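Hi everyone, thanks for coming. I'd like to walk you through one structure today, so please have a look at it first.

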Protein chains: 2
Amino acid sequence: MTNSSRAAYHHGNLVEELIAATIGMIEEKGVDAVSVREAAKRAGVSPAAPFRHFANKTALMTAVAEQAMGRLTLSVQQELSATGDADPVEGLRAIARGYLAWALANPTHFDVIASRTVIDFHGSPKLTGETEAIRLVMLDLIARGQASGRISAALAPDALMLSARAFIYGLCRMWIDGHFAEWHVEKPAGQAMAEAVELFIDMIGGRHATNLSGT
Amino acid sequence: MTNSSRAAYHHGNLVEELIAATIGMIEEKGVDAVSVREAAKRAGVSPAAPFRHFANKTALMTAVAEQAMGRLTLSVQQELSATGDADPVEGLRAIARGYLAWALANPTHFDVIASRTVIDFHGSPKLTGETEAIRLVMLDLIARGQASGRISAALAPDALMLSARAFIYGLCRMWIDGHFAEWHVEKPAGQAMAEAVELFIDMIGGRHATNLSGT
DNA sequence: ACCGAATGTAAGCAGTGATTACATAGGAGG
DNA sequence: CCTCCTATGTAATCACTGCTTACATTCGGT
């Protein structure tokens, strides 16, 4: 009966409670204001106790990131499965929307995932694996889009892939990095970002013919 | 003769030497490993001395960021003036190239500018001003491109502007955040990023017609 | 019932940003 | 030349941090 809350010498489920306390601290004072001592205090435990479960602060933050990443991929996949797979471009649009929407709705969680200096991204199979999984889904969508002529075959898949990732990642990072502080006072930042996403996907879809001869 | 190096009780030009020491620390151990005590030690001065010139650690890091920003805008403007203003799209391409090239060549400096948690970006007129200046140049290029038909008028300037900024910012942040650790082993990350830039600018130029009717 | 493993505590170390009180140097004005 | 003010440095100290080591306690399997 490890689930009992006798709350004696042994805590019971310190791990999850430490993660929860950490998330609370992040939401209150930002990702840089996290301290494992404070997390221990909030869990009602000694300052050294967390180190029994996490080798160091980075490991604790990485655990938080893994939990956040799980929710992110869930959001993306839900958005993706809600879209039919008739048009690959719409699949890419769904991924972009899901990714952006989740980041806007959960800025603190996204902050943890994105702030690579405070987590051990490459040391976490879950983080690298789920990132790679999304990448492969996008690569498949691009390939199908080009096979059906929906995406120009002149666009190198690798470069297109990287462009799309950089775009959406940059958009989210600009958000959490505070780039929209004074921007677009007449228009909510979220709306501006959504419009940018639509424009970017439309560009991939090749909707905009111009005179290619230049000036 | 304040420039003399008598090196007595008063240091002479502690400010610049502290900034130099800070940059050295960043290049050695990363932006998060900076400590003002260590910077003071490297400058041969007491741990409290830096606080006579910088209100806090953030102010010191912001000074470093301002110096870095100056070099970034210089790089961008050089690349821009080296390109004729005949084709606005090529102007955008030049900005993107200059921005990316500088970030790749000076990752530590870019890291300081980008890591908004460690500097006071919005409190620095130089940082906000030079950022806004580049933004205005891009906005002008977009307007001219649309006026000449070189860029599709169907693309909302605001959204296009934001897309371009998010793209290039995301690319650079992916670089400094270590997203290219295992990627593209067969192809240098710098080359892959350059190709992504070319593709993105080409998309703005509308080079890629597809069947818009969908599948 | 016992014993080892898991999990907690207590105490302490080195390092951090920051503040306060005090010491020193240099330049302006008499 | 001397004095005084201000800029700039030092010394000492505080609260806090991540982390380690030695010790205490509890749980679970045999």
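I'll start with how the chains relate and then turn to the salt bridges.

A word on conventions: this is a predicted model, where local features need pLDDT of at least 70 and side-chain atom pairs count only at pLDDT 80 or more, while totals for chains, interfaces and linings use all residues. Residues are numbered from 1 along each chain as its sequence is written, chains are lettered from A and ligands numbered from 1 in the order in which they are written, and side-chain values use heavy atoms, with hydrogens and water left out.

So, how does chain B lie on chain A? A turn of 180° with a shift of 0.0 Å along the axis brings chain B onto chain A with an RMSD of 0.1 Å; the superposition is by least squares on the C-alpha atoms of residues with pLDDT of at least 70 in both copies. That is the relation of a two-fold axis. As for the interface, 98% of the interface residues of chain B are also interface residues in chain A, so the copies meet through the same surface. Contact here means heavy atoms within 4.5 Å.

Now the charges. Over all chains, a search of the whole structure finds 26 salt bridges, each one a side-chain nitrogen of Lys or Arg within 4 Å of a carboxyl oxygen of Asp or Glu.

Let's visit helix H6 of chain A, residues 125-147. Helices are DSSP runs (H or I, at least four residues), numbered from the N terminus. Glu132(A) and Arg135(A) form a salt bridge there, 3.1 Å from N to O, and being three residues apart they are separated by about one helical turn. Are these two buried or exposed? Glu132(A) is partly exposed at 30% relative accessible area, whereas Arg135(A) is buried at 17%. For the cut-offs, buried is under 20%, exposed is over 50%, and partly exposed is in between (1.4 Å probe, protein chains only).

Also in H6, Arg144(A) and Asp140(A) sit four residues apart, about one turn of the helix, and their side chains meet in a salt bridge of 3.4 Å, N to O. Arg144(A) is partly exposed at 30%, and Asp140(A) is partly exposed at 39%.

Over in chain B, Arg93(B) pairs with Asp202(B), with the closest N and O atoms 3.0 Å apart. This pair links distant parts of the chain, helix H4 (residues 88-105) and helix H8 (residues 189-205), 109 residues apart. Both Arg93(B) and Asp202(B) are buried.

Finally, back in chain A, a network of salt bridges links Glu90(A), Arg93(A), Arg97(A), Glu198(A) and Asp202(A).

Terms used:
Helix = DSSP H or I, 4+ residues; strand = E, 2+ residues; numbered from the N terminus.
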